[in-house]
Amino acid sequence: MRARLALLVAAVSVLTLIAFLVPLALLVRTVAEDRATVRATADAQSLVPVVGTADAATIRLTVEQLAAESGRPVSVFLPDGTVLGAQTPRTPAVALAARGQSLTGESAAGREVVIAVQGRADGTGVIRIVVPQHELTAGVTRAWLVLALLGVILVLIGLLVADRLARTLVRPISDLSAVSHRLANAELDARVTPAGPPELREVAGALNHLATRIQVLLVQEREQVADLSHQLRTPLTALRLEAESLRDPEDAARITAAADGLERAVTGLIRQARWRHSPAGPAASDAAAIVADRVAFWSVLAEDTGRAVTLDLAPGPLPVGVAADDLAAAVDALLGNVFAHTPDETPFAVRLAPDAEEVVLSVADEGPGMPAGAVRRGASAAGSTGLGLDIARRAAQTAGGRLELRTGPRGGAQVLLRLGPPTSPRQA
């Protein structure tokens with residue numbers, strides 16, 4: 001906007017200056033020409049008494065003296081054909097003046113001032129003075145340069161004023177843009193200070209009102225999610241009591257551990273739902289320990305369904321830039337998809353290894369493959385919520401990485417979760 005306003009002001013200023021300076025420049029040239037012509041005419045008039053009454057010798061002396069003082073060619077044509085002073089042929093203007101008519105004309109040498117002198121006994125004499133071109137334009141170039149410099153200065157002043165004016169408009173707009181980007185990055189406490197013209201102040205007030213309304217609605221939604229999650233604790237408590245009453249200690253311990261893990265997840269969901277701001281420091285966790293723990297948890301179900309599990313785990317620790325609960329939820333989502341989308345007795349492999357500055361988690365199965373659009377949030381071909389891969393994708397983005405879907409080495413689906421180190425920029 002600042003550039004366009006400056007261009008507009010520059011164009012208007014240049015057009016205005018052209019409209020005024022061009023006629024003024026032409027007027028300056030005309031005045032210079034008229035001034036030189038008037039001086040030459042005055043010099044010629046000063047010779048009239050001498051040419052009308054004196055003899056040829058006196059006229060010659062006077063003409064040579066005037067030519068030396070003025071620096072112009074001066075000629076006197078007597079009626080008998082004698083030419084005194086500058087020896088030049090008779091021009092049409094001289095022939096016309098010999099008939100008694102004074103005039104000013106243009107010639108190749110410059111401007112020609114011709115005056116008829118009557119009263120001589122032998123006829124009409126003619127005085128001719130030529131004003132050279134350099135005298136006609138004396139001072140014009142300097143005046144034009146002064147006018148051009150004045151025009152440039154005026155244009156620069158106009159650009160400076162336009163830039164100052166544009167800044168008063170652009171700065172509030174930039175502040176509005178910055179606050180909108182902060183709101184988009186979940187900084188819901190960002191507000192803009194109204195400034196600028198009344199229209200921009202009104203927009204700033206509307207943006208602040210919108211941010212406040214979004215914050216209120218988000219708080220209400222979080223409270224509802226927290227309340228809903230809190231209600232899940234009652235059936236979890238009942239499930240734990242049922243598990244403790246089982247006769248088989250191993251089954252009781254396994255189900256109790258699953259109930260404890262589910263309760264931890266619900267507790268984390270409540271805590272996360274009630275957050276007002278992002279955590280102060282960067283999130284970090286050990287990917288090796290979390291993947292090993294979650295694979296061990298799912299291995300029991302894999303054994304019950306006849307699935308062979310291949311675990312290739314690089315020695316830890318393998319720090320990544322995502323919270324432990326989020327990474328565990330992502331791993332559970334990937335492994336849960338294997339059980340949800342492949343038939344029983346389908347083998348799968350889990351591999352965790354560093355790759356340059358990233359840590360890559362690979363979950364590959366030998367099932368029918370991943371359906372198209374499975375990574376889209378809320379999309380599922382198996383009757384689930386369709387949020388599993390989206391949870392994994394968001395965890396990868398939190399760590400500065402990404403989620404990739406491929407065809408596995410044995411024709412099934414392969415999901416790669418690339419996780420950056422704890423110092424990676426966190427992305428929305």
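Helix α1 (residues 2-53) and helix α5 (residues 140-184) have axes that come within 9 Å and cross at roughly 160°. That makes α1 roughly antiparallel to α5, a label for angles over 145 degrees. This is a predicted model, where local features need pLDDT of at least 70, side-chain atom pairs count only at pLDDT 80 or more, and totals for chains, interfaces and linings use all residues. Residues are numbered from 1 along each chain as its sequence is written, and side-chain values use heavy atoms, with hydrogens and water left out.

Helices here are DSSP runs of H or I with at least four residues, numbered from the N terminus. Axes are lines fitted to C-alpha atoms over the stretch in contact, with angles from 0 to 180 degrees between N-to-C directions.

| Pair | Axes come within | Crossing angle |
|---|---|---|
| α1 and α5 | 9 Å | roughly 160° |
| α1 and α2 (residues 56-70) | 10 Å | roughly 170° |

So α1 is roughly antiparallel to α2 as well. On the α1 side, D43, S46, L47, V50 and V51 meet T58, I59, T62, V63, L66 and S70 of α2, with contact meaning heavy atoms within 4.5 Å. The residues of this contact divide into six nonpolar, four polar and one charged.

Now for the second largest pocket: its lining includes F297, W298 and D304. Two elements, α8 (249-273) and α9 (287-304), each give two or more residues to that lining.

Technical notes:
Angles under 35 degrees count as roughly parallel, over 145 as roughly antiparallel, 65 to 115 as roughly perpendicular and the rest as oblique. Ala, Val, Leu, Ile, Met, Phe, Trp, Tyr, Cys and Pro count as nonpolar, Asp, Glu, Lys and Arg as charged, and the others, Gly among them, as polar. On a 1 Å grid over the protein atoms alone, a cavity is a set of points where a 1.4 Å probe fits but cannot get out, and a pocket is an open set with protein on both sides within 12 Å along at least five of seven lines; lining residues have an atom within 4 Å of a point.
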